[in-house]
Amino acid sequence: MKIATERDVMSRRAANAKAASPLDRLSDKDSASSRKQATLVVAILSLFAGILLFKYEEVAEFLSGHEEDIEIKPDQPKQSGSGFLGGLFGGGGDDDDDDEDSGNGGGGWGGIPYKLGMNSGALGGLFGGGSGGGKARQPYKSASTLLDDLLAARGTFDEHLRADYGDYAAKVFNKTSIMTAFDRPSSLSDARLKRRMKIKVIEAQLGIGSETGDDDKDGSSATFTWVTGGHSAAAGHGNLLNQSYTAAVGRAAKIVFDAVGIDFRAKARAMGGTSSGPEISLCSDAIFGQDIDVLWWDYGMTDGRDDSKYWLWANRAGSHPTFPTLITYHDRKGAIHVELEKAGQSAYQLRQIGALRQQFPDSDTHPDPNSLPRAVAWFMCGGHHENDDPCKEYKFATNPPCREAKFQTSWHNGWKDHLLIGSASATLLANMLQEALEEMSEREKNDPDAVAPISEAYLSLLRSEEKVDRSIFRNSTLPSDRGDSASVDDAVWRSFLRGHPVCHGARLPSDARFLGLVTNSRNKSTHIEHGYH
């Protein structure tokens, strides 16, 4: 038997030679660099797997929550810091462009660039990645330009009122008339409401979200949210939903807020036969949501003269994450509002609605009532609104589309009174927004050494001022009027008024239901002008 020599072995290998596979090459003694690269790849993949293992809940929640936000754009050039791992580990997008998507660039999945309606890559926000390389986003417009835009929108706003009220609009909705109708303890409440509006204007221009976050924003950088709480009349019973004063304030106020880049939302959360407390007040976060700028109170018929319920309501509002302005549809909360303003809150009451009504003519004595504007004709009869003959025959307008409608009673407002309340409230907001922009524009023009009004520095200053007011509220004396809660322990009473929410109800309408939180559903209702459907 022939013993194979080394030459024979080498000859046989040469005869059976074939192209080396990647694994063969990695096993070659001369492939040290290749092995180092493979080791690096394995290390990165292991790190990635570890992150997913320990962060799987956050990853799954993030991806499921933003799967609809991702818009694949394969034809766009790849942005800096892109690539799946770039977005995952914090690679930001290119913020050198001047288009509307500036600052929204992020990583790409599999090398395909994408854009998100947020300020980071798909997972960059989850693991700490930012956008735009840390550069401050430049404002879209100056305060002076925004004021010009708002003044132009006020023209459209006034036309909106004239369409319903004709020449009476200027008489009823002028600034003096409205600011007299809405009573407040002092100009401090005005200043605090305007400060909130300034914060929203800056957030909209800089593309910066609020500090507290929002529960139902659909991509907008800034919203201003009005929420109506109340009983059946506030809910618009007897009328169509779009005839309620919540819908009216939403339609009108949106005109001016849109002009400065703010998404105005009016949410109807009133419930028939319901008082303001204790359930509604203690469940306020679940019912009214986490993002409230103005909270409207209309529980006069159900609360009666029990001020303890309003004290509870107002204190729960002060403990809300967004510290909203309070407005009551009532004429006897002035003394309480004085104390609330001292405690850092902003509070109004629509005290002079009767004076606004009295500026319209009596249709029963008018020579041609049918010639009056639609919201004026057959509104006042015998010096009273809606309920005297023959005005009560024109109080509701639900047919068409409804052949029959429930709850058309004397104690429920008709569509004209709802429209008046909503239009007056929207005018109050428009006045305050205009004053806020005028102050910002004045600062921009006449005080060059001051912090620019459209800037992160000024935003920080305004937020700091608001935090001071919140601190004043938290340290203020608790109300002594406990009503039915008189036997409650002091510590429990403080927890009710100043602690975290203690109620998560299943009532409708409520944000907790509409956002799927009660049923643990991912299906969210769609916001429209006066609520959710």
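Author: Two strands pair if DSSP finds at least two bridges between them; strands (E, at least two residues) and helices (H or I, at least four) are DSSP runs, numbered from the N terminus. This is a predicted model: local features need pLDDT of at least 70, side-chain atom pairs count only at pLDDT 80 or more, and totals for chains, interfaces and linings use all residues. Residues are numbered from 1 along each chain as its sequence is written, and side-chain values use heavy atoms, with hydrogens and water left out.

Reader: How many residues of strand β6 (residues 263-268) are buried?

Author: Buried means under 20% relative accessible area, exposed over 50%, partly exposed in between (1.4 Å probe, protein chains only). D263, R265 and K267 point one way from β6, F264, A266 and A268 the other way, and all are buried. Strand β6 is therefore largely enclosed by the rest of the structure, with a buried count of six of the six.

Reader: On to the rings! What kind of aromatic pair do Y168 and F360 form?

Author: The structure holds 16 aromatic pairs, where ring centres of Phe, Tyr or Trp (its six-membered ring) lie within 6.5 Å and planes count as stacked under 30 degrees apart, edge-to-face over 60 and tilted for the rest. Y168 in helix α7 (residues 168-172) and F360 in the loop between α17 (353-357) and β10 (380-381) are 192 residues apart. Their centres are 6.1 Å apart with 50 degrees between the planes, and the pair is tilted.

Reader: Now W297 and Y310: what kind of pair are they?

Author: W297 in strand β7 and Y310 in helix α15 (residues 307-318) are 13 residues apart in the chain. W297 is buried at 0% relative accessible area, and Y310 is buried at 0% too. Their ring centres are 5.4 Å apart and their planes stand at 80 degrees, so the pair is edge-to-face.
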